[in-house]
Amino acid sequence: MTITRREALKFAIAAFFSSFTGAAASQSLAGKKVIVVGAGIAGLGAAQQLHAQGAEVIILEAENYIGGRIRTDNSMGAPFEYGAGWIHGPSAQNPIKVLAEQVNATTAETDDDILEVFDDQGKPLSDDAYDHLDDLYKSLKRKLNAHEEHDETRSLRDIINQLKPGYLEDPIGRWMATAYFEFDIGAGIDDISAMNAFADEAFENEDVVFTEGYDIILAPLAAGLNVRLNTRVSRITYDNKGVDVDGMKANYVVCAVPLGVLKAGTITFVPPIPEAVQTAVDKIGFGTVTKIAFKFDNPFWDVETQYFGIMTEPKGRWNYWLNYRTFSDENILLGLSFGDYAPKADKMDEREMTEDAMQVLRSVWGDKVTAPQQVLTTHWSENPSFNGAYSYPQVGGSVAQFDSFVEPIAGRLFMAGEHTFFKYHSTTHGALLSGRRAATAIATAEE
Ligand SMILES: Cc1cc2nc3c(=O)[nH]c(=O)nc-3n(C[C@H](O)[C@H](O)[C@H](O)COP(=O)(O)OP(=O)(O)OC[C@H]3O[C@@H](n4cnc5c(N)ncnc54)[C@H](O)[C@@H]3O)c2cc1C
């Protein structure tokens, strides 16, 4: 069965509305067995819908927790989000916002403009420099959006150099390219496709964080599901009659592991996945972003400012900081590394990363920076269950490659995960919609 883009959209919309209405699902999958590989939000979303339609569902998860790239640690007194931190575009149409409302989650709006930026000498920017920053960014973004040259071989760096010569030599331009583009897209400007980087879509409204932790949305999604933790799948065999996942037989399999796992080839598909899908695995990018959180006894920074930007070298090194005091009582600063620097930071142990990030804080606040009472760090690209943070349109790749994951393979193997949903790739809502789309496609295959 071939699913066209239009049908895929129809599935996603149907799945979305079925989650809203709470209407009793038909038991059309009674007697069918489905294995879901990966208990991230895509796998959980697929499993929940299949279970509601009467299927016997078993989720196999490599790690010892559910949620994958939604993972919260509350040990600092406020949530440290290893992975997803924000609901991007929490409008009524955003299915993560819907889940958040269903569990009465409290959220706090964040504002990118409540920002103070420090230059490479640790001095706050002057008002003129802010105006310059604003003008530079807006004019570049305008030019990038209007840029229609259909050439997928050109990187964001190439096009920035062409549209705004000198931008990347200007410390302000360099900082923006990394703190805005490399953060948003999750890779370095040399690897990002300029043509496709901004071709995805977003829901409306200002981003929010969960004040009690993102993982609050997971329990209801996982309720009643059979999840086997610490179970790493290594082989998926399929034909048009059924599937076998490491010796376990079923009618269908939903493969909802991260793109980084597919790239590593640690799951063997028998027969191999179709060439177009393998090309998508190879050509879509999977970058990383690194976080460090410090909890201090007392704040040495302005507690009213939401974000601090610091023009560090090399580019991408701990150059963007979120001040937790703007939505919690805890004296926590969360630092981020992007682009080429993030995989380097991922390789540092906690002591090295702490020293590296503390140097950056000292470049601004000097001796006022005290020793942290607690530190938490992320290393996404070093974990074989992920091998990175999120997917991005890579130089040399195409949007159509993302779509090639949508078509069921032999009518039995269904791909899900944020990397399979171009419109909202690299987000939790894209991942959830992809899981529901896979579940709807299985139900459709049974009709
Ligand atoms: C640092 C970071 C910041 C982010 N920030 C945001 C944000 O602010 N807002 C936002 O919307 N999104 C954000 N994202 C992206 C978002 O977290 C992801 O898009 C989404 O959670 C992915 O869900 P998924 O189900 O596709 O994959 P995952 O959550 O990765 O789930 C896949 C699961 O498969 C499991 N697995 C892997 N290999 C195997 C195997 N062989 N056998 C069995 N199981 C396996 C993994 O352990 C994992 O649990 C961020 C991600 C990261 C890493």
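Alanine 108 has valine 209, in S8, as its bridge partner. S8 covers residues 208-210, and it pairs with S6 over 3 bridges, in the antiparallel sense. Strands here are DSSP E runs of at least two residues, helices are H or I runs of at least four, and both are numbered from the N terminus. Two strands count as paired if DSSP finds at least two bridges between them.

Now the whole sheet. It is open, with 3 strands in the order S5-S8-S6 and antiparallel pairing. S5 (86-87) and S6 (107-109) are the edge strands; each has a single partner, so one side of each lacks a neighbour in the sheet.

A word on provenance. This is a predicted model: local features need pLDDT of at least 70, side-chain atom pairs need 80 or more, and totals for chains, interfaces and linings use all residues. Numbering runs from 1 along each chain as its sequence is written, and side-chain values use heavy atoms, without hydrogens or water.

On to the ligand. Which residues come nearest? Of the 41 around it, Glu61, Arg69, Trp86, Val233 and Thr428. Around means a heavy atom within 4 Å. By class, that shell has 22 nonpolar, 13 polar and 6 charged residues. Helix H2 (41-52) and helix H13 (428-446) each supply at least two of the shell residues.

Polar contacts next: N or O pairs within 3.5 Å. A polar side-chain atom of glutamate 61 sits 2.6 Å from a ligand oxygen. A polar backbone atom of glycine 85 is 3.1 Å from an oxygen of the ligand.

How values were computed: A polar contact is a pair of N or O atoms within 3.5 Å; within protein, one must be able to donate a hydrogen and the other to accept it, and residues adjacent in sequence count only if both atoms are side-chain atoms. Ala, Val, Leu, Ile, Met, Phe, Trp, Tyr, Cys and Pro count as nonpolar, Asp, Glu, Lys and Arg as charged, and the others, Gly among them, as polar.
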